[in-house]
Amino acid sequence: MTPPGADLPEHPDFLWRNPEPKRSYDVVIIGGGGHGLATAHYLAKNHGITNVAVLEKGWLAGGNMARNTTLIRSNYLWDESAAIYEHALKLWEGLEDDLGYPILFSQRGVLNLAHTEQDVRDSVRRVEANKLNGVDAEWLEPDDVAKICPILNVSEDIRYPVLGATYQPRAGIAKHDYVAWGFARRADEAGIDLIQDCEVLGFRTEGSQADGTARVTGVRTSRGDIACGQVALCAAGHTSTLLDELEVSTPLQSHPLQALVSELLEPVHPTIVMSNAVHVYVSQAHKGELVMGAGVDSYNGYGQRGAFHIIERQMAAAVELFPVFARAHLLRSWAGIVDTNPDASPIVGRTPYANVLVNAGWGTGGFKSTPGLGWCLAHTIATGELHPYIAPFSLDRFVTGALVDEHGAAGVAH
Amino acid sequence: MQLIDCPWCGPREEVEFHYGGQAHVDYPAKPAELTDEQWARFVFFRDNPKGPFAERWNHSVGCRRWFNAVRDTHTYQFLAVYKIGENRPEIPGART
Ligand SMILES: Cc1cc2nc3c(=O)[nH]c(=O)nc-3n(C[C@H](O)[C@H](O)[C@H](O)COP(=O)(O)OP(=O)(O)OC[C@H]3O[C@@H](n4cnc5c(N)ncnc54)[C@H](O)[C@@H]3O)c2cc1C
Ligand SMILES: [Zn+2]
């Protein structure tokens with residue numbers, strides 16, 4: 001047997017150019033994470049639009065893209081969510097070919113555990129909703145759960161016994177850095193400028209929000225002013241600090257979200273297991289680390305770290321569900337800053353500024369949407385028409401009451 | 001783990017507390033007269049600053065009382081704690 005990780009590809013010797021910013025672009029994308037890069041890629045590939053800059057305040061994809069636990073699935077409850085996440089999952093299935101770059105997409109399936117009678121009812125309902133939306137989903141009894149994941153403790157005498165699980169076989173994980181680099185290389189090849197170390201500090205505007213004539217004419221950055229035709233905000237946890245500059249308010253709230261990895265282990269964990277009720281989810285990375293996450297820290301924060309007691313609780317849950325983990329050493333932990341909304345769904349679409357689109361609020365779950373969102377946002381920028389998959393996620397849903405309340409599938413985990 | 005200074009009990013560990021979001025969000029004086037837009041703002045829209053933020057905390061496993069605090073959301077440092085009904089202390093840079 002080849003040792004775990006032996007099949008990981010070598011790092012390429014060329015990633016992308018490091019250009020000086022031009023003074024003007026047709027499209028400026030703020031934030032060089034997965035969403036910004038995917039949008040750039042599909043702008044070039046699907047629409048031939050390449051006079052585009054992606055502005056990143058740090059290093060490329062060093063935000064949540066570098067910090068997330070890479071779970072990809074589409075078993076969301078509501079039609080609107082299933083549509084965009086399933087669109088994304090279909091793109092994931094062909095992404096390696098599209099990018100001409102390895103992304104190690106591994107469709108090993110996800111088990112979402114149910115621990116209470118209410119969990120069971122909610123889960124069965126979600127499975128049926130998934131099937132109606134053409135998303136692969138099954139309800140499994142504890143014995144069948146144990147067949148898929150033999151190291152999982154399905155005995156009845158634990159504090160929150162496993163009463164069953166939903167299973168989506170097409171769910172999986174991918175190598176997050178490679179995904180970002182694949183999108184970045186393609187966008188760069190097409191002539192799009194990826195500009196690192198370039199923080200957007202504010203905007204130049206004209207017109208007024210009051211009479212609907214407001215526009216952004218350029219962005220003010222740490223590397224000078226850059227004029228732009230259109231702007232797409234893809235700054236994840238920091239989007240509301242930029243919207244504050246534009247005097248646009250939203251329900252977005254930024255929270256630390258932590259993750260951690262163990263030392264390298266032999267392959268022991270064949271799938272992904274998530275539990276919202278006891279707050280832990282686990283997969284095993286290609287090299288062998290157990291990758292674990294939990295819910296967000298309760299308070300608002302931008303510090304890219306979180307509180308220790310969250311980790312303690314998550315480890316307690318993990319060891320109860322997977323007794324075999326008890327001797328695994330924790331290697332590192334970290335946090336990203338995720339932006340959440342009251343209905344656990346993103347905000348994508350128009351702002352009071354005619355030429356500014358917002359894409360934020362993906363909270364704990366926006367890695368999996370990366371190709372799907374990029375596709376739809378590029379379409380919207382290129383055609384001026386909201387792509388039907390993102391249309392339900394407009395900011396005005398908080399006023400009209402048409403909320404997409406996705407807690408049922410998103411919960412506190414992913 | 002950080003210590004939070006309950007105005008009644010003194011410093012206690014963070015795990016004893018429950019977070020309550022933005023402080024000083026007043027219930028509308030004349031609810032019947034609000035537009036949908038105004039209702040949405042009251043129910044859903046909150047500030048999300050990077051820096052000092054006035055927010056509510058509950059000492060849920062201690063005295064179980066609510067209080068307000070100004071905390072820096074970048075450093076997580078508590079800059080002030082004060083009782084419900086008291087005015088927010090002046091802290092440079094604080095928005096709300
Ligand atoms: C610990 C953790 C685990 C997660 N696990 C999962 C998971 O398993 N599955 C899943 O689907 N999702 C997961 N997520 C969520 C996912 O990472 C995010 O929803 C997603 O990455 C957000 O989109 P993005 O990739 O564009 O964000 P980011 O990668 O954060 O990109 C935003 C970029 O904008 C830059 N930026 C910010 N402000 C400015 C500015 N003013 N000027 C210029 N640039 C700026 C940032 O530096 C950053 O690089 C997880 C997140 C975390 C933190
Ligand atoms: Zn107290």
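The side chain of A:D136 reaches the backbone nitrogen of A:R170 at 2.8 Å. A second polar contact joins the side chain of A:D136 to the side chain of A:Q168, again with a distance of 2.8 Å. A polar contact here is a pair of N or O atoms within 3.5 Å; within protein, one must be able to donate a hydrogen and the other to accept it, and residues adjacent in sequence count only if both atoms are side-chain atoms. This is a predicted model, in which local features need pLDDT of at least 70 and side-chain atom pairs count only at pLDDT 80 or more, while totals for chains, interfaces and linings use all residues. Residues are numbered from 1 along each chain as its sequence is written, chains are lettered from A and ligands numbered from 1 in the order in which they are written, and side-chain values use heavy atoms, with hydrogens and water left out.

Where does A:D136 sit in chain A? A:D136 is found in the loop between α4 (117–132) and β5 (138–140). Helices (H or I, at least four residues) and strands (E, at least two) are DSSP runs, numbered from the N terminus. Leaving out residues up to four places away in sequence, A:D136 touches A:Y167, A:Q168, A:P169 and A:R170. Contact means heavy atoms within 4.5 Å. A:Y299 lies 163 residues from A:D136 in sequence and 35 Å from A:D136 in space, C-alpha to C-alpha.

Now turn to helix α3 of chain A, residues 79–99. Its axis and that of helix α9 (residues 370–383) of chain A come within 7 Å and cross at roughly 105 degrees. That makes α3(A) roughly perpendicular to α9(A). Axes are lines fitted to C-alpha atoms, for helices over the stretch in contact, and angles run from 0 to 180 degrees between N-to-C directions. Angles under 35 degrees count as roughly parallel, over 145 as roughly antiparallel, 65 to 115 as roughly perpendicular and the rest as oblique. On the α3(A) side, the contact uses A:I84, A:H87, A:A88, A:L91, A:W92 and A:L95. They meet A:T370, A:P371, A:G372, A:L373, A:W375 and A:C376 in α9(A). These residues divide into 9 nonpolar, 3 polar and no charged. Ala, Val, Leu, Ile, Met, Phe, Trp, Tyr, Cys and Pro count as nonpolar, Asp, Glu, Lys and Arg as charged, and the others, Gly among them, as polar.

Helix α1 (residues 34–47) of chain A also packs with α3(A), at an angle of about 75 degrees and with the axes 14 Å apart. α1(A) and α3(A) are therefore roughly perpendicular to each other. Here A:H41, A:Y42 and A:K45 of α1(A) meet A:L91, A:L95, A:D98 and A:L99 of α3(A). This contact has 4 nonpolar, 1 polar and 2 charged residues.

A:K90 pairs with A:E86, the closest N and O atoms being 3.4 Å apart. A salt bridge is a side-chain nitrogen of Lys or Arg within 4 Å of a carboxyl oxygen of Asp or Glu. The two residues are 4 apart, about one turn of the helix. Over all chains, the structure holds 15 salt bridges.

Chain B has 1 helix and 6 strands, in the order β-β-β-α-β-β-β. Its contact with chain A takes 23 residues from chain B and 29 residues from chain A. The area buried between them is about 2100 Å², of which carbon and sulfur atoms give 54%. Buried area is the accessible area (1.4 Å probe) that two parts lose on being put together, summed over both. In chain B, B:F44, B:N48 and B:Y76 lose the most area to chain A. Across this interface the rule finds 0 salt bridges.
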